[in-house]
Amino acid sequence: MSGELSPQAAPSEQGYEGALRPATLAEFVGQSKVRRQLGLLLDAATLRQHTPDHILLAGPPGLGKTTLSMIVASELDKPLHQTSGPAIQHAGDLAAVLSALTPGEVLFIDEIHRMARSAEEMLYLAMEDFKIDIMVGKGAGATSVPLELSPFTLVGATTRAGLLPNPLRDRFGFTAHLEFYSDDELSSVIRRAARLLEFDISDQGVEEIAGRSRGTPRIANRLLRRVRDYCLVHETPGDTESVRAALTLYDVDQHGLDRLDREVLAAVVERFGGGPVGLSNLAVSVGEEAETIEAVVEPFLVRAGLLTRTSRGRVATRLGWQHVGAEIPEHLFS
Ligand code: ADP
C-alpha cells in the first residue's frame, strides 16, 4: 500500500509526530469515553497518592495509543520509559528495564503481544507484586533471587488484544478500546495540526482530507502535510481544489482508497466474479503479501462496506461492484 495511507508510522515521521502530539487529555480529540475513563483513573490515583492501575490500550495503528501513554505520564507528572514487545526477546531484557524504573514511573510497552513468552511470565509477577525473580547461574546450580521493584504503571499497547494471554490481560486494571474516528473528529485533528504547522486551509479543505483519512489521525496528519507541500510548491491556497489535486497526485481517492485497495477490490470483482475468494489466492493475484492484505487493506474495505469476509472467503458487496465501475450482477444481490 502507498506510504501515505499506511496507518503505521514511517521512521522519517518521528519529528513531525512528536510536534503534532497532543500533550494533555483535554487536547486529545475524540475517544470521549476513553478520555473520561482514563481521566477518572488518573484523578483518583493522584488523590490517593498511589500509582494508578496498569492500563491496556487496544486498537488499530495510528489511533493515538503512544500519544495516550505520553499523556498518562505527563498528567501524573512522572517520567515515561518507552519500549516495545519485539525489543524484549528474553526475560533478561525485561528485567533490565524493570529494575531501572524509578518510583511511579510509567512504562510503555508498544506491541506488547509480541514480547517473548519467558518475559511475559516475569511481567505477571512484576505487575501484581512489583517483584521479579532473577535467575543466577546455569544448570543444576541455578538459583532464583527475588528483586523488589519500584511501584510503576504499565501502559501496554496492542493492535491485537485477542493475542494476549489471559493471565496478562487480566492484570490490567483498565482496558481502553480505541475506535476509528468520525469525520468530524478527524476534522478537529486536522484543524489543530494545521494551526501548529501554520498552514492556512479552508473548512472544506479540512473536510475533504478528513473524508479520505480512513478514520485514522496519523493518516489525516500525513495527508495534511502532503497538501501543505503541494500548496507551497504550486503557490495555491489551501482549498478543496488544492486538496483534491494533491491527493490525486498521491493516488488517494475520494473515499480514502489507494492503489492497492482498488486493485484488491477490482481483483475480487473482475477476476473472481465477486468472490468468495480465499486470502492467499487474492494475495497472489495482486502480487502482495497476504499479511498486508489481511491487516491493512481488508479492515478498511470491510469498514467502508465494499467487501465482506465470509467463512468461504472474501466477497464484494454491491457497493464494492459499484466502486470498481463494473456492471452489477443483480441476481447476486436479489
Ligand atoms: P498509535 O500509537 O496508536 O499508532 P500515535 O499515538 O502514534 O498512534 O498517533 C499517531 C499520530 O496521530 C500522532 O502524530 C498524533 O499526534 C496523532 N493523533 C492520534 N490521536 C490523536 C488525537 N486523539 N488527537 C490529535 N492527534 C492525534
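**Around the ligand**

Helices α1 (14-20), α3 and α9 each put at least two residues into the shell around the ligand; helices here are DSSP runs of H or I with at least four residues, strands are runs of E with at least two, and both are numbered from the N terminus. This is a predicted model, in which local features need pLDDT of at least 70, side-chain atom pairs count only at pLDDT 80 or more, and totals for chains, interfaces and linings use all residues. Residue numbers start from 1 along each chain as its sequence is written.

The ligand is surrounded by 20 residues, and Gly-64, Lys-65, Thr-66, Thr-67 and Pro-217 are the closest (a residue is near a molecule if its C-beta atom, placed from the backbone, lies within 6 Å of it). Sorted by class, the shell holds ten nonpolar, six polar and four charged residues. Nonpolar covers Ala, Val, Leu, Ile, Met, Phe, Trp, Tyr, Cys and Pro, charged covers Asp, Glu, Lys and Arg, and the others, Gly among them, are polar.

An unreviewed UniProt entry places its "binding site" feature at positions including Leu-20, Gly-62, Lys-65, Thr-66, Thr-67 and Arg-218. The annotated positions spread over 199 residues of sequence and, in space, up to 36.8 Å between C-alpha atoms. UniProt positions follow the numbering used here, feature names are shortened, and annotations may be inferred rather than shown by experiment.

Two of these positions get a closer look. Lys-65 sits in helix α3 (residues 65-76) and counts as buried because 23 other C-beta atoms lie within 10 Å. The cut-off for buried is 20 or more other C-beta atoms within 10 Å of the residue's own, with 12 or fewer for exposed and partly exposed in between; C-beta atoms are placed from the backbone. Beyond four places in sequence, Lys-65 is in contact (C-beta atoms, placed from the backbone, within 7 Å) with Leu-57, Gly-59, Ala-157 and Leu-178. Arg-218, in helix α9 (residues 217-234), has 25 C-beta neighbours inside 10 Å, so Arg-218 is buried as well. Leaving out residues up to four places away in sequence, Arg-218 touches Pro-7, Ala-9 and Gly-62.

As for the whole protein chain, 15 helices and nine strands are found, and 37% of its 334 residues are buried. Mean pLDDT (the predictor's confidence in each residue, from 0 to 100) is 92 for the protein chain, with 98% of the residues at 70 or above. Confidence is lowest in α1, with a mean of 74, and highest in strand β3 (residues 106-110), at 98. For the complex, the predictor reports an ipTM of 0.99 and a pTM of 0.88.

Terms used. Two residues are in contact if their C-beta atoms, placed from the backbone, lie within 7 Å.
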